[in-house]
Amino acid sequence: MADTKLKPSERNDHETLKTELDREKNKVERLITRAEGATDATWTAAKAEIEQGAEEVKGWWARQKEMVDKKTTADKDKDGH
């Protein structure tokens, strides 16, 4: 973010990505706390919440990887772009 050569639109994109990354990081931290604080009585509900949260974060990362893939010529996932 300290790069003064960024165009305003690029800076905005970077700030948006940073905000999203912070949100996903906080989500993972909450899920870890939930897992660590679970008891035998709360484990079933905690596990369901953790699995759902993990899938959401996994989906977010997949979308990020796809956006990077579309911007490059490497096509590491062999999907045509």
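Angles between axes under 35 degrees count as roughly parallel, those over 145 as roughly antiparallel, those from 65 to 115 as roughly perpendicular, and the rest as oblique. The model is predicted: local features need pLDDT of at least 70, side-chain atom pairs count only at pLDDT 80 or more, and totals for chains, interfaces and linings use all residues. Residues are numbered from 1 along each chain as its sequence is written, and side-chain values use heavy atoms, with hydrogens and water left out.

**Overall composition**

- The chain contains 2 helices and 0 strands; helices (H or I, at least four residues) and strands (E, at least two) are DSSP runs, numbered from the N terminus.
- Of the 81 residues in the chain, 16% are buried, where buried means under 20% relative accessible area, exposed over 50%, and partly exposed in between (1.4 Å probe, protein chains only).
- Among contacts with a separation of 6 or more, 33% are between residues 24 or more positions apart; contact means heavy atoms within 4.5 Å.

**Helix dimensions**

- Helix α1 has 30 residues and reaches 43 Å from its first C-alpha to its last, close to the 44 Å expected at 1.5 Å a residue; the expected span is 1.5 Å times one less than the number of residues.
- Helix α2 has 29 residues that should span 42 Å, and its end C-alpha atoms are 42 Å apart, which agrees.

**Helix packing**

- The axes of α1 (residues 8–37) and α2 (residues 43–71) come within 10 Å and cross at roughly 160°; axes are lines fitted to C-alpha atoms, for helices over the stretch in contact, and angles run from 0 to 180 degrees between N-to-C directions.
- The two helices α1 and α2 are therefore roughly antiparallel to each other.
- On the side of α1, the contact includes L17, L21, V28 and R34, while α2 contributes residues including W43, A45, E49 and W61.
- By class, this contact of α1 with α2 has 13 nonpolar, 2 polar and 7 charged residues; Ala, Val, Leu, Ile, Met, Phe, Trp, Tyr, Cys and Pro count as nonpolar, Asp, Glu, Lys and Arg as charged, and the others, Gly among them, as polar.

**Buried positions**

- In α1, the residues E24, K27 and L31 are buried, and what covers the buried residues of α1 includes α2.
- In α2, the buried residues are A46, I50, G53, V57, G59, W60, Q64 and D69, and the buried residues of α2 pack against α1.

- Leaving aside neighbours within four places in sequence, E24 is in contact with E56, V57 and W60.
- D69, in helix α2, is buried because its relative accessible area is 7%.
- D69 lies 10 residues from D79 in sequence, and the two are 9.3 Å apart in space, C-alpha to C-alpha.
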